[in-house]
2 protein chains.
Amino acid sequence: MSWLPIPPDHYFSINNIPFGIISTPTDTTPRPAVAIGEHVLDLRAFATSANGFSGLPDFARSEEEVLTSERTLNRFASLGRATHRLVRGYLREVLSADTPHPGILRDNPEARKACLLNGAEDGVRMHLPMDIGDYTDFYAGRNHAFNVGVLFRGRENALRPNYEHLPVGYHGRASSVVVSGTWVRRPRGQVVKPGEGEGGKVPVFAESGKLDFELELAAFVGRGSDLGSCVGVDEAGEYLFGVVIMNDWSVRDIQEWEYVPLGPFVSKSFATSISPWVVLMDALEPLRTRPLERETKVPLLPYLQEANSKSVYDIPLTVSIKTHHTVTGCPLRTGDLLGSGTISGTDTRSMGSLLEMTANGTRKVPLGDSGEFRGFLEDGDVVVLAGGCGKAGVGFGECVGEVLPAGE
Amino acid sequence: MSWLPIPPDHYFSINNIPFGIISTPTDTTPRPAVAIGEHVLDLRAFATSANGFSGLPDFARSEEEVLTSERTLNRFASLGRATHRLVRGYLREVLSADTPHPGILRDNPEARKACLLNGAEDGVRMHLPMDIGDYTDFYAGRNHAFNVGVLFRGRENALRPNYEHLPVGYHGRASSVVVSGTWVRRPRGQVVKPGEGEGGKVPVFAESGKLDFELELAAFVGRGSDLGSCVGVDEAGEYLFGVVIMNDWSVRDIQEWEYVPLGPFVSKSFATSISPWVVLMDALEPLRTRPLERETKVPLLPYLQEANSKSVYDIPLTVSIKTHHTVTGCPLRTGDLLGSGTISGTDTRSMGSLLEMTANGTRKVPLGDSGEFRGFLEDGDVVVLAGGCGKAGVGFGECVGEVLPAGE
C-alpha cells in the first residue's frame with residue numbers, strides 16, 4: 001500500500017516501481033524517474049531539490065549522480081543488481097503508507113511539490129530509457145517459431161533440428177529501436193508478388209503489403225561482460241537490469257524474399273518499439289514459475305541447464321531468459337537489449353503476430369468486436385501492446401505505434 | 001611529395017592521410033591523429049600546442065574541438081564529407097614538400113617536436129577509431145557467396161534467387177569489434193561432430209575446430225540519416241566517412257549448426273578485427289573503376305542502379321558500396337560500420353577464407369613457403385590482413401590478430 005492513491009490492479013503498484021526517462025514542458029532535459037500509479041517521481045528533483053536520498057546516505061554521497069546528471073539509465077544500470085535492489089527498495093519504503101521515512105515525501109508537501117508529477121496533467125513525455133549499443137532478438141516462443149516455420153518452409157522443415165538444442169537468435173538493429181508512441185512509416189522494398197515464386201521470377205520495388213507486429217518482451221543488460229568471457233545461465237540474472245514490452249515490426253513480404261541465407265535484415269530494421277518504463281528484475285521475482293515441459297526427450301546441453309527450476313516468469317506472458325549469447329565470448333555492454341522473440345499460444349487468439357493469425361494473409365481475422373477485419377496492418381492502424389499481472393501489481397507500460405503511409 | 005621521408009610505394013603516402021585514434025606512453029589519453037609514412041601527426045597537439053589550424057581559420061575557430069577534445073572520430077565524421085575534404089586537403093598541403101604553409105610545420109622545428117611522432121620509436125598505441133553503434137555485414141563478394149553456398153547447401157542452392165537482386169546482408173555485433181592487435185580467444189559452442197548429420201544427431205559442447213578468418217573491407221558511416229528516410233545509391237558516398245580492412249573471425253562448425261533460419265549469431269559475434277587507420281573516401285577516389293560484369297542478364301531494380309559507372313574501387317581488392325540498407329527506413333548513425341562481406345577470387349590462392357580454400361577443411365593448404373599446412377586456424381596462429389595500392393600510395397594499415405586457446 002502506498003500513501004498515494006493507486007487504482008486497484010494497477011501495473012505500477014508499490015510492488016513495481018519501474019524506471020524511465022522523462023521530460024516535461026517546463027523542463028525539457030531528459031532525466032530519470034520512476035512510475036507509481038498515475039504519478040511520476042522525478043528522481044533528479046527528488047535527489048537535488050528534495051534531498052530525497054538522505055535516508056540512503058551511502059548512495060546519496062557517492063552514486064546518486066547517475067540519477068541526477070544522466071539522460072539515460074545506462075550508468076545506473078551499470079552499477080549492478082545490488083544497487084538496483086537498494087535504490088528500488090528504498091523508493092518503495094519512501095512511497096509506502098507506513099514509510100519509515102515520513103519526512104522525505106509523505107509528510108513533506110514542499111518536497112512532494114518539487115518532485116511528484118501527475119503523468120497526464122503535467123504533460124510528462126517519455127524517452128528511450130537506455131542508450132542501446134546492440135540489440136539481439138531471440139526466437140524463444142516455440143509456438144511462434146513453429147507457426148512461422150510452417151508458413152515459410154512447410155510443416156516438414158518448420159522447426160530446424162537446432163531449435164531443440166540452442167536459443168536461436170540474431171543481431172537486430174539498435175539504431176531503429178524507438179520508444180512507444182513513435183510512428184512507423186510503411187516501408188518500401190523488394191517483394192515478389194503473389195503467384196510468382198522464386199523459380200526465375202523477379203521481384204518488384206513496392207510498398208510492403210504485409211506490415212506486421214510482433215509481441216515480445218525484451219531485457220536490458222545492466223552489468224556488462226568482457227570480450228572472451230562467458231556468462232553462465234545461473235549468473236545471467238545478475239547481468240540484467242530490467243524488462244520492457246516490445247513490438248518488433250516486420251514486413252513479411254520483404255522478409256520472405258531476403259532472409260535466406262543470412263536472416264532477416266531490412267525487413268525488421270525500420271522500427272522496433274519498446275514500452276518506456278523498465279520493470280526491474282527484482283519486481284518480476286514474485287512472478288517466477290516453472291518453464292513449460294520440453295516437447296523433446298533430448299536433454300539440453302549442460303551449459304544451458306538452469307539450477308533454479310523456476311527459471312521463467314508468468315506475467316501472464318512467459319519469457320525464458322537465456323544466455324547462450326556469450327558462449328563464444330561475445331561481450332555484453334550496459335544498455336544492450338535482448339528480445340525474447342514473438343510469444344504465441346497455439347490458437348489464433350493467442351498468437352503474437354498477424355503472420356500467424358492470418359496464415360500469411362490468407363484468412364482475415366476480426367479485430368475484437370469492432371466489425372473490422374485484418375490480413376496485415378493498414379495505414380493509420382495503431383498497434384498497442386500491453387501486459388502484466390494486475391493481482392501482483394506488476395506490469396508494463398503500453399507499447400504504442402501508429403502506421404504512417406509509405407513516403408514519397 | 002612530402003618534406004617528410006616516406007618510403008616508396010608506402011600506403012600512407014601524401015595521397016592517403018588516414019585518420020586514427022592514438023595514445024602514447026607519455027600521454028595515455030586517446031586522441032585523433034593522421035598517419036604519414038612511418039610518422040604520426042598528433043592532431044590534438046597540432047591544434048593546441050602548434051596552432052596548426054591557423055591556416056584554416058574557419059575550422060580552427062568553430063570546429064577543431066572535434067579533433068582536440070574527443071576520444072573517437074565520431075564527431076569529426078558527423079561533420080560530413082565537405083569538412084573531411086577540407087581538413088584532409090589542408091593537412092596534405094601542410095605536409096607537402098612545396099607547402100603554402102611552411103611556417104606551420106615544415107620550417108618550424110618547435111611545432112614539429114610538439115606534434116610529430118615516430119610511430120614505432122614513440123610507442124604509439126592505436127585504439128578503435130570510432131564508437132560503433134551498429135555493425136552491418138554484407139555478402140558482396142559473389143565468389144565467396146557461391147563458394148560458401150556450395151559447401152553449406154550444395155551447388156544447386158549455392159546462390160539463392162535473391163542474390164542477383166539485392167545486397168544480402170545481416171546485422172553483426174558491434175560490441176565485439178576490436179582494433180588490430182587484439183587477441184582472439186578460440187570459442188566454445190555447440191557443434192555437430194563430423195559424420196553426424198542433422199538427421200536426429202545431437203550436438204556436443206566443445207571448442208570450435210573450425211576457426212576461420214574472413215578478408216573484408218568495411219566502411220564507417222559519417223553523416224547519419226533519420227528514421228523513415230532512405231539514402232539513395234547516388235548520394236551514398238556523402239554519408240560515408242572512410243574505409244578500413246576487416247577480419248570477420250568465424251567458427252564454421254558452430255555457424256553451420258546455428259545459422260538456419262535466422263542467420264549467423266554467436267559463430268561470428270566473438271570478435272571482428274579492423275585496421276586502426278581510417279582511409280577517407282576522398283583518398284580512394286583515384287582508385288575508382290567499373291564494377292565487374294554482372295553474370296545475370298536480369299537488370300538491377302532502378303533504386304539500386306548507380307549513375308556513376310565507376311562505382312567500385314580497385315585497391316587491388318574490389319568493393320562495391322551499396323545502400324540497400326536504408327531502403328525500408330533504417331536510420332544510419334555516425335560510426336556505424338558496414339562490412340563488404342568476404343572478398344574472394346575464383347582460384348584457391350585468391351580466396352578470402354579458409355572455409356573456401358580448404359573446402360570446409362577437407363583439403364589442407366600450404367602456408368606460403370613455410371612448409372606448414374592448415375585446414376583451419378590453430379592456436380597461436382597470427383592472421384595478418386593487408387591491402388592497398390603502392391603505386392597510388394594509398395592503402396590500409398595491417399589488421400592483425402592472434403589466436404589464443406579456448407579458456408577454462
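Two strands are said to pair if DSSP finds at least two bridges between them. Helices (H or I, at least four residues) and strands (E, at least two) are DSSP runs, numbered from the N terminus.

## Basis

This is a predicted model, in which local features need pLDDT of at least 70, side-chain atom pairs count only at pLDDT 80 or more, and totals for chains, interfaces and linings use all residues. Residues are numbered from 1 along each chain as its sequence is written, chains are lettered from A and ligands numbered from 1 in the order in which they are written, and side-chain values use heavy atoms, with hydrogens and water left out.

## Strand E3 of chain A

Strand E3 of chain A covers residues 39-42. E3(A) and strand E4 (residues 116-118) of chain A are antiparallel and share three bridges; A:His39 has A:Asn118 as its bridge partner in E4(A). Strand E2 (residues 27-36) of chain A is also antiparallel to E3(A), with four bridges, and A:Val34 has A:Leu41 as its partner in E3(A). Two residues separate E2(A) and E3(A) in a hairpin, and A:Gly37 in the turn has a positive phi of about 60 degrees.

In a regular strand, side chains alternate between the two faces of the sheet. In E3(A), A:His39 and A:Leu41 lie on one side, A:Val40 and A:Asp42 on the other, and all are buried (under 20% relative accessible area, 1.4 Å probe, protein chains only).

## The two chains

Chain A is superposed on chain B by a rotation of 180 degrees with 0.0 Å of shift along its axis (RMSD 0.0 Å), by least squares on the C-alpha atoms of residues with pLDDT of at least 70 in both. The copies are thus related as by a two-fold rotation axis. In chain A, the C-alpha of A:Gly263 is nearest the axis, 2.1 Å from it.

Notes. Buried < 20%, exposed > 50% of the residue type's maximum accessible area, 1.4 Å probe, protein only.
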